[in-house]
Amino acid sequence: MGQTGRCCPGAERLLHRPPPLLLSLLCVLTLCARLHTGSEVHTPQCHIQKCTTDFVSLTSHLSPSVDGFDTEFCKALRAYAACTQRTAKSCRGNLVFHSAMLGISDLMSQRNCSKDGPTSSTHPETPVEPCNYHSRQHGSRVGEHAQPSYLFCGLFGDPHLRTFKDDFQTCKVEGAWPLIDNNYLSVQVTNVPVVTGSSATATNKITIIFKPYQDCTEQKVYQAVTDDLPAAFMDGTVNGGDGEARSLWMIEKTPGRHVEIHAGYIGVTVIVRQLGRYLTLAVRVPEELAMAYDESQDLQLCVNGCPTAERIDRDGHLPLPVLGLQQPAAGASHPRVAQGQAPSPAFALESATAKCRERLVVRDIYFHSCVFDLLTTGDANFTSAAYNALKDMEVLHPRRERWHIFPRGGGARSQPRLLFLLLLCFIFSVLL
């Protein structure tokens, strides 16, 4: 009982005057947090939990009363040990990892297991499913390193295009243009002018053709236009081939507003939305299939981007109209009134920025595209288009470190600030 606060001698001194090492550590952690939000950071993860799960899976059906228990249990233990060794480098400071290592050693001693010998396979061979892309291409090679390489492409807004190479472009491309055109899949969009006097366009029609493939599916065509986002292919079906095999199927997420199409036989996922008066599209395709086309199919916006003459941006930099749209004079006709729509409020730069900030926290290219669209069109629905395009990209894009694209020069401006903070940390640690 007696005195309080004396369980940790020296704690008061640590709080009042942190040692240089602690201060340096806090600075480094702060900088890492800053770097994580503004640049590509890849931290290796400790996969000890997966090793443990695999071991439990391999031994859960074993019974000590059955002949051969010790042999199979030792094989599973050796596989467990090998798995922990593979993840040892990234698990050095993980207490669960060290506990697992001690547990394996104890169990091997109890069961008289030798360290050398056969191991159980954590990924047993499974029958190949001919209408499942991953199963067909990789068969029993279902380990982490056998995952196929995927590419992402998205189109939204006025319109903004994110290519398979993660190039971000804003284009005119009025009329019908092919996004994807290979031996397995064709995606075509039709863009129309958004407002009078602007070269900006937006998508009001999307046509997707899933080409016939062996016994998995016959040709299926999906077509969406403004105010008609069907939950079925043009022939009225919602799947292709044998429904039980689920080689091609469709899911209506929100009636008339959000549809997803999954083509399992070619590993493709497509998301189509209507936001306001216009459509958005996001698609993920295996790289080897996306590149399966000939010279006659070289005009693909997702592969090569927009032709130079169709670009609105300048090498990724959007020329923002600073004053935005002007309110029409009294009695004048707003460009949207002629289409039977209520006039949209005009946006200045400050109000457009504030509106986009409501839904887009990171000031990446999606945020800047939102501001551009509001200034160009005055249509607040483009805020939702940019936000949902970002969310669809996060669902489909295979590489998290490439999610955020910043305007040209944005990263360079932040680098001196980080270096300055690092220098300050070093000076304080030396002085203290």
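Student: Is Arg162 buried or exposed?

Tutor: A residue counts as buried under 20% relative accessible area, as exposed over 50%, and as partly exposed in between, using a 1.4 Å probe and protein chains only. Arg162 has a relative accessible area of 1% and is buried. The model is predicted, so local features need pLDDT of at least 70 and side-chain atom pairs count only at pLDDT 80 or more, while totals for chains, interfaces and linings use all residues. Residues are numbered from 1 along each chain as its sequence is written, and side-chain values use heavy atoms, with hydrogens and water left out.

Student: Which residue meets Arg162 in a salt bridge?

Tutor: A salt bridge is a side-chain nitrogen of Lys or Arg within 4 Å of a carboxyl oxygen of Asp or Glu. For Arg162 the partner is Asp166, at 3.0 Å from N to O. Asp166 is buried too, with a relative accessible area of 13%. Arg162 and Asp166 also belong to a network of salt bridges that includes Arg402.

Student: How many salt bridges are there by this rule?

Tutor: The count is 14. One of them joins Lys211 to Asp181, with the closest N and O atoms 3.7 Å apart. This pair links distant parts of the chain, 30 residues apart: Lys211 is in the loop between β6 (201-210) and β7 (220-225), and Asp181 is in strand β4 (residues 175-181). Strands here are DSSP runs of E with at least two residues, and helices are runs of H or I with at least four, numbered from the N terminus. Asp181 is partly exposed, at 22% relative accessibility.

Student: What does the salt bridge between Asp235 and Lys220 tie together?

Tutor: The N to O distance in this salt bridge is 2.7 Å. Asp235 lies in the loop between β7 and β8 (239-240) and Lys220 in strand β7, so the pair ties together parts 15 residues apart in sequence. Lys220 is buried at 2% relative accessibility, whereas Asp235 is partly exposed at 49%.

Student: Which strand is joined to β5?

Tutor: Two strands pair if DSSP finds at least two bridges between them. Strand β5 (residues 185-193) runs antiparallel to β6, and nine bridges join them. Ser186, for example, has Ile209 in β6 as its bridge partner. β6 also pairs with β7, in the antiparallel sense, over six bridges. There the bridge partner of Ile206 is Ala224 in β7.

Student: How many of the residues of β6 are buried?

Tutor: Seven of its 10 residues are buried, and β6 is mostly covered. In a regular strand, side chains alternate between the two faces of the sheet.
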